[in-house]
Amino acid sequence: MRYSIFLLFFLISSGFCEAQLLKSKQVFTKADTLRGMLTPLRTCYDVNYYHLDIKVDPDKRQINGSNLFRFTAVADFKELQFDLFDNYQIEKIEYQGQNLKFKREFNAVFINFPEIIKKGSRHDFRVFYSGVPMIAKNAPWDGGFVFSKDSLGKPRVGVACQGLGASSWWPTKDHQSDEPDSMLISISVPKGLMNVSNGTLRSSTEKENNYTQYNWFVSNPINNYNVTLNIGDYAHFSDSFDGESGKLKLDYYVLKENISKARPHFDADVKPMLKAFEHWFGPYPFYRDGYKLVETAYLGMEHQSAIAYGNNYKKGYRGRDLSGTGFGLFWDFIIVHESGHEWFGNNITSKDIADMWIHESFTNYSEGLFVESIKGKLAGAQYIKGLRKGILNDIPIIGTYNVNKEGSGDMYMKGSNMLHTIRSVIDNDDTWLRILRGLNKTFRHQTTTAEEVVSYINQTSGKDLTPVFNQYLRHTEIPVLEVKKTGKKSFQCRWKANVADFKMPLKIKTNEKTAKWTMQDFSSEWQTIRARSILVDTDNFYIKVNYIQN
C-alpha cells in the first residue's frame, strides 16, 4: 500500500524496507495544515462526481488535461479550496462559461465564484492543467509516477500516491473524508498501448496524433489515492467468481510475455482469497465495478477494483515468508494483502490518515485469517504471532490529526497482533465474525474514525475494549502482566500499562500439566490467584509477562 500500495513499511534491521511515508516529521508547517485540516473552505462543499480527463506522454513524461468537479454546497460560500501540487501549471478554471480567479498557496488552490453558492445547490467547475509529474524513486514506498519499459522496449507507466496524495498528479479535494459517489477516468495514451484504471471500461476512442482514449467508470465511492492509471502493452483474460452477491467478474491485465504463468498463478490464489474474505468480511464491496489485478513495475497497491500487482508471480512476499512460520509461502502476499484492502481501506476508509491503522491493521490481520481458512485456526494464530519480530514499538500507531500525518509502521504487524488479542479477549468466534462482517456493512462505502470503529466493536461485543485499544494504538508500550509468587499456592498479578486503571482479561493455566486455559480478569490492582504455578497465553495475547522475584 501505501504511499500507496499498501505501504508495507518494513524494518531495514529485520531485512524489510521501511516506508518513506512513515518517517517521523518533527515540525508541522502551514502546508501540512492546508493539506490535512478540514477548514470551512473544504467542508463547504461535498464532491459528488469527478471526470478526470488527461493525456499521458510516456516519452516526455508529461501529463495534461482537466478534471471536472461536480459538487453539492454544504453551506453558503463564495470561496473554496481544492488541491494540486505546485509543480503543475493551471491553465484555467472554468465555471458556467467563464474563467474563475484563483490563487495558490503551497499545494492548495483557492477559487472565488462570481456569486454566493447557496447551501444545497449543485454546481460544477473544471480545472485545466499540465506539467511533469513527480517520479517515484522506490514505489510504492515513496509516491509518484513510475516510467519504465517492458522486455520489448514498450512503455509502461504507473502511479502510486498514498500519503503523498492524489493531488500530486490530478486536481482534487485531497482529503480522505470526501469521496465522490462515482467517477469517470479518461486516460489518453499512445496508440498501441492500453490504459487500465478503476471500475469498468466503458469505451475506447481514437484521438488525434495517434492517441487512444480509454474511459473507465467507477460506480462506487472511491478515495482519491486509489484512483489510478496503468499504461502498457497488456494482454487481458477474465474469469468469474460465484460470490455472496452473485457472479463477480474477474479481469487480469498482464504483460503479454507473462500470460502463460499469470493464468495458473492467479487462479491458485484469487478465488480462495475471495471465498475466505467474503466469509470473514461479507460480500466483496464493489461487484458493479468488478475485481481486477493489473501487472505493474512496482510491488503493489490497493487501487480499488484495479489492484496493482508486481510480486513477479512468486509465493510469499517477494518469495519470503514475513512471519517466519512457513505459512506465508503457500500464497502470494500481494494478491492477498492488497485484496484485503478492498474491505479495509477501500470499502471502509479513515477520514484522517492519522487513523490509517483502520486500513493496515485489519488488512495485515486478514493475512492471518486467510491462513486460518486454508491451514486452520492454530496456523493462522501462529502466522500472526510470527509477525511480531517486525514490530518496533517506536511511536504510537495513531498519527497526528489534521496535518496529513500517519503513525508508526507498527500499524501493520502490531496492529494485527492487537486485533488478534481483541479476538482472544472477546473469546467468541461467532461474535468476532459478526463484528468483522458488521463493520463492513455498517460503514460500507463510508469514511470513519477510530472512535467510531472502537465504539462499534464495543457495542457488538458487549465489552468496553476502549482501554485496550488506547494502550495499543496511542502508546508505544504493550501491556505488561506483573506476576509475583506470594506463597506455595498463591500468586499476585496486576497489569502495568500507560492507560489509567487498565483492565483486560487474559487466558492462563494454573497447572502446567493441564491443557485447559481459563479466562481470568486482571486490572491495575494486585489480585491474588490460588495456584501452584501460572502459565500465561502469550500466543494469542500480545503482551509481556514480568515475573517478579521476592
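Tyr 313 lies in the loop between β20 and α4. Helices here are DSSP runs of H or I with at least four residues, strands are runs of E with at least two, and both are numbered from the N terminus. The model is predicted: local features need pLDDT of at least 70, side-chain atom pairs count only at pLDDT 80 or more, and totals for chains, interfaces and linings use all residues. Residues are numbered from 1 along each chain as its sequence is written, and side-chain values use heavy atoms, with hydrogens and water left out.

Phi of Tyr 313 is near 60 degrees, a positive value in a residue other than glycine. Tyr 313 is buried, at 12% relative accessible area. Buried means under 20%, exposed over 50% and partly exposed in between (1.4 Å probe, protein chains only). Asn 312 sits in the loop between β20 (307-309) and α4 (333-340). Its phi is also positive, near 55 degrees. Asn 312 counts as exposed because its relative accessibility is 52%.

A cis peptide bond joins Ala 139 and Pro 140, with omega about 5 degrees. Pro 140 belongs to the loop between β8 (122-131) and β9 (144-149).

The largest nonpolar core has 94 residues. Such a core is a set of buried Ala, Val, Leu, Ile, Met, Phe, Trp, Tyr and Cys residues joined through side-chain atoms within 4.5 Å. Phe 266, Val 270, Leu 274, Tyr 291, Trp 357, Leu 439 and Phe 469 touch the most other members. Helix α3 (residues 259-281) gives the most to this core, with 9 residues. Apart from this core lies another, of 63 residues, among them Ile 90 and Tyr 129.
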